[in-house]
Amino acid sequence: MKRDFFDINTVNANLRCAICSMGKRGLSGVPVGNDVFIGRYMGTNHWFLDQFVYGFCALVEHDSHVSTPPFKNAANKVKMVMTPSPNEIITDTLEYGDSTHFVSAVFNKGHFVVLYYDIKGYSVTVFDGLDMPISNWHTHIVHTIRTYGMVSLQATSTFILVKDDFIVDEGESNNNRKCAKKKGRRNMSARIDFTEDGRSWLISNDTSYKQTDGINCGPIACMKIMEIYGFIAPGTIGQSEDYRSVVMDYYSDAIVRFDSVLRCQLQGKVAKDNKTR
C-alpha cells in the first residue's frame, strides 16, 4: 500500500491522556482516517502500515482504562510498550509501576508479530502465525528490558536458540514445512542471557494459530492486542479470517468515542478543541 494514499486519507493525531500518553518513549500518534481509508483497509488486501498498527495499539490501551473490556483478565495488569526503533540508544529508564505484563506489536523484515512479556516470570511469548525465526525479535526484546530497568543499560545480551522443532499435523508431509499455507508449526524457544546482570529471559512462540496468507499479519497483530486486553474473547482469531472487519469496526468506533482526546496536528500546531478533524 502506497504511503501517498495513507497520507491523503488520514490526519495524524496525538492521543492526550494523563494515564497513557507518554510522549515519544510511550504511545505513538493515532492516524485518523476518513471513510475512503477505512473502506480500503477493511475491504481490500492493502497492507497495514506500521503507523496505523501502532496508532491502533494506542487506542486499545486508552480504551482499556476508560471502559471495562468484556473478557478482561483481572489478574494481569498489562502495559503497552512501543518499540518502533529497537536500535535506538537508551539513555534513561522508565517506570512500569505495578504492571505484571508488557505487550508490544512489533515489525521487522516485512512482518508484524505481538510480544507478550511476563515480567515476574522473565519470559516472552511471540505470537506469530508465520513462525518467523524468533531471533528476529531479539533486538526488540532487549530494548524493552533495558528501557524498563530490568537489566543495566550497559549489560550485553547473548541470544541462544534452545529449540526449533517442526510439528507436522496429521496427513502433512515434511516437504511442506516451509509453506505458510500448510498446517504444520515450528515450536521454538530461546534464551537471552545478560551476563553482567546474571539474568536470563526465556523466549518461546505461541503455536495456537497458523496464518494462511502473507498479507494479514497487521490485522492479526491488532486482533491479538484486542484479545490480550480483553476486547475480544480468547480464540477469536482462529474462528474466522475476517480479521479486517473486526479491526476496522473497532477502530471506526474508537476514533469517534475518543474524539475529545485526539488532537490533530494542523500546519505544525496542535488543533484547538473547537476545530474538527
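By class, the lining of the largest cavity has seven nonpolar, three polar and one charged residues. In that scheme Ala, Val, Leu, Ile, Met, Phe, Trp, Tyr, Cys and Pro count as nonpolar, Asp, Glu, Lys and Arg as charged, and the others, Gly among them, as polar.

Some ground rules. This is a predicted model, where local features need pLDDT of at least 70, side-chain atom pairs count only at pLDDT 80 or more, and totals for chains, interfaces and linings use all residues. Residues are numbered from 1 along each chain as its sequence is written, and side-chain values use heavy atoms, with hydrogens and water left out.

Back to the cavity. What is a cavity here? On a 1 Å grid over the protein atoms alone, a cavity is a set of points where a 1.4 Å probe fits but cannot get out. A pocket is an open set with protein on both sides within 12 Å along at least five of seven lines. Lining residues have an atom within 4 Å of a point. Grid points are joined across faces, edges and corners, and a volume is the space filled by probe spheres set on the points.

The count comes to one cavity of 30 Å³ or more. The largest cavity has a volume of about 30 Å³. Its lining includes His111, Phe112, Val113 and Val114. Phe127, Cys217 and Ile220 are also among the lining residues. Two elements give two or more residues to this lining: β5 (111-118) and α5 (217-229). Helices (H or I, at least four residues) and strands (E, at least two) are DSSP runs, numbered from the N terminus. Which element gives the most to the lining of the largest cavity? That is β5, with four residues.

Let's follow β5. Six of its eight residues are buried, so β5 is largely enclosed by the rest of the structure. Buried means under 20% relative accessible area, exposed over 50%, partly exposed in between, with a 1.4 Å probe and protein chains only. Strands pair if DSSP finds at least two bridges between them. On one side, β4 and β5 run antiparallel, joined by eight bridges. Alanine 105 has valine 114 of β5 as its bridge partner. The two strands form a hairpin with two residues between them, and lysine 109 in the turn has a positive phi of about 50°. β5 also pairs with β6, again antiparallel, over five bridges. Here valine 114 has phenylalanine 127 of β6 as its bridge partner. This hairpin has four residues between the strands, and tyrosine 122 takes a positive phi near 50°.

Next, α5. How many of its 13 residues are buried? The count is 13 of 13. The expected span of a helix is 1.5 Å times one less than its number of residues. For the 13 residues of α5 that should be 18 Å, and the end C-alpha atoms are 18 Å apart, which agrees. Glycine 230 follows α5, with a positive phi near 95°.

α5 brings us to the largest pocket. About 590 Å³ of space lies in that pocket. It is lined by 27 residues, and the closest to its centre are Asn76, Lys77, Val78, Ile228 and Tyr229. α5 gives the most to this lining, with four residues. The lining divides into twelve nonpolar, seven polar and eight charged residues.

Now the rings. The structure holds 22 aromatic pairs. Rings of Phe, Tyr and Trp (its six-membered ring) pair if their centres lie within 6.5 Å; planes under 30 degrees apart count as stacked, over 60 as edge-to-face and the rest as tilted. Tyrosine 41 and phenylalanine 48 are stacked, at 4.6 Å centre to centre and 15° between the planes. Both residues are buried. Phenylalanine 102 and tyrosine 117 have ring centres 6.0 Å apart and planes at 70°, so this pair is edge-to-face. Phenylalanine 102 lies in β4 and tyrosine 117 in β5, so the pair ties together parts 15 residues apart in sequence.

Last, another set of strands. Ten bridges join β7 (residues 157-167) to β8, and the two run antiparallel. β8 and β9 (residues 199-206) are antiparallel too, with six bridges. In β8 (residues 185-194), seven of the ten residues are buried. Isoleucine 192 has tryptophan 201 of β9 as its bridge partner. In the hairpin of β8 and β9, glycine 198 takes a positive phi near 65°.
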